[in-house]
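Reader: Please take one part of this model and go through it closely. I would like the aromatic pairs and the strands and loops around them.

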Amino acid sequence: MKRNLIVLLTILVCGLTACKPGQKKDGNMEKETKLKIETSAGDIIVKLYNETPKHRDNFIKLAEEGTYEGTLFHRVIKDFMIQAGDPESKNAPKGKMLGAGDVGYTVPAEFVYPKYFHKKGALSAARQGDNVNPKKESSGCQFYIVTGKVYNDSTLLGMEHQMNQARLNNAFNALAQKHMKEIYKMRKDGDQEGLMNLQDTLIAQAEAQVAGEPEFRFTPEQVKAYTTVGGTPHLDGEYTVFGEVVEGMDVVDKIQQVKTDRSDRPEEDVKIEKVTVID
């Protein structure tokens, strides 16, 4: 009987181990999906992060449905990024403004920050601005690949200061929104003293709120990446990073060098011919 219990316990333990989410029987984490983006400028291979499953699954679905076939890299900014995925860019005539096309839905933001950030080669989802998209939901189809530039340590320190200051401004603005009727009435009545007193109160409240939160600091991994390969650090925490280029960064660099018009559209079309799952 004792022997049977030991065998049963061993089976149960092995079963529990095998059932861990995202883990295979050999103990390795779930394999990351790779796709090939075939373009008129060459091939780019990307891998998709399993920690952003909604974006991963959506990108795979669109690739398998052929949604990206014939679309253009419609927005290219050197030392920043190359953007694609607008369905309206298919067979778009020269000079047509692009970037507003979609597939009729958005994808909820999936920030896995600071693990995944906007280093050079990051694959990220485009989206509408905060004024109409406060939840930072991603476009259902448009994406961009970061090219960026290399920063020095002092510039990154300056960015940290700016981001911390922005946190204070955002906290103040959020508090002010709750007092808009009161603010409007004071302005209407010309009550400058009341406005100044309320402003001082809200500033103090915002400072107290921010003081209770840790200051923003780039991680050692971010500092290393941004001071060596480069990237776009000001986009961190604002747009979902859901993958990265693993082969073909030379093609991405080639695309970012093309001549563009005033709306950042390449003068000579750079077309996505096909996107396929390869691994």
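Author: What follows starts with the aromatic pairs and then moves to the surrounding loops and strands.

This is a predicted model, in which local features need pLDDT of at least 70, side-chain atom pairs count only at pLDDT 80 or more, and totals for chains, interfaces and linings use all residues. Residues are numbered from 1 along each chain as its sequence is written, and side-chain values use heavy atoms, with hydrogens and water left out.

The structure holds nine aromatic pairs. Rings of Phe, Tyr and Trp (its six-membered ring) pair if their centres lie within 6.5 Å; planes under 30 degrees apart count as stacked, over 60 as edge-to-face and the rest as tilted. One of the pairs is formed by tyrosine 49 and tyrosine 116, which are stacked at 3.6 Å centre to centre with 5° between the planes. Tyrosine 49 belongs to the loop between S2 and H2, and tyrosine 116 to the loop between strand S5 (106-107) and strand S6 (122-125), so this pair ties together parts that are 67 residues apart in sequence. Here helices (H or I, at least four residues) and strands (E, at least two) are DSSP runs, numbered from the N terminus. Tyrosine 49 is buried at 2% relative accessibility, and tyrosine 116 is buried at 12%. Buried means under 20% relative accessible area, exposed over 50%, and partly exposed in between (1.4 Å probe, protein chains only).

Another pair, tyrosine 144 with tyrosine 239, is edge-to-face, at 6.0 Å centre to centre and 85° between the planes. Tyrosine 144 lies in strand S8 (residues 143-146) and tyrosine 239 in the loop between helix H6 (220-226) and strand S9 (241-247), so the pair ties together parts that are 95 residues apart in sequence. Tyrosine 144 is buried, with a relative accessible area of 4%, whereas tyrosine 239 is partly exposed at 23%. The ring of tyrosine 239 also has the charged end of arginine 127 over it, 4.5 Å from the ring centre. A charge sits over a ring if NZ of Lys or CZ of Arg is within 6 Å of the ring centre and within 35 degrees of the ring normal.

Strand S8, which holds tyrosine 144, is covered on both faces: Phe143 and Ile145 on one side and Tyr144 and Val146 on the other are all buried. S8 runs antiparallel to strand S4 (residues 81-84), joined by four bridges, with valine 146 as the bridge partner of methionine 81. Two strands pair if DSSP finds at least two bridges between them. S6 is likewise antiparallel to S8, over three bridges, and alanine 125 stands opposite phenylalanine 143.

With Phe59, Tyr68 and Phe242, Phe143 forms one aromatic cluster. In the largest nonpolar core, of 28 residues, Ile44, Phe59, Phe143 and Ile255 touch the most other members. H2 gives the most to this core, with four residues. A nonpolar core is a set of buried Ala, Val, Leu, Ile, Met, Phe, Trp, Tyr and Cys residues joined through side-chain atoms within 4.5 Å.

Back at the loop that holds tyrosine 49, threonine 52 is found between strand S2 (42-48) and helix H2 (53-65). Threonine 52 is buried, with a relative accessible area of 0%. A polar atom of the threonine 52 side chain lies 3.1 Å from the backbone oxygen of tyrosine 49. A polar contact is a pair of N or O atoms within 3.5 Å; within protein, one must be able to donate a hydrogen and the other to accept it, and residues adjacent in sequence count only if both atoms are side-chain atoms. Beyond its neighbours within four places in sequence, threonine 52 is in contact (heavy atoms within 4.5 Å) with Glu110, Val112, Thr240, Val241 and Phe242.

The loop of tyrosine 116, between S5 and S6, also contains proline 114. A cis peptide bond joins tyrosine 113 to proline 114, with omega of about 10°.
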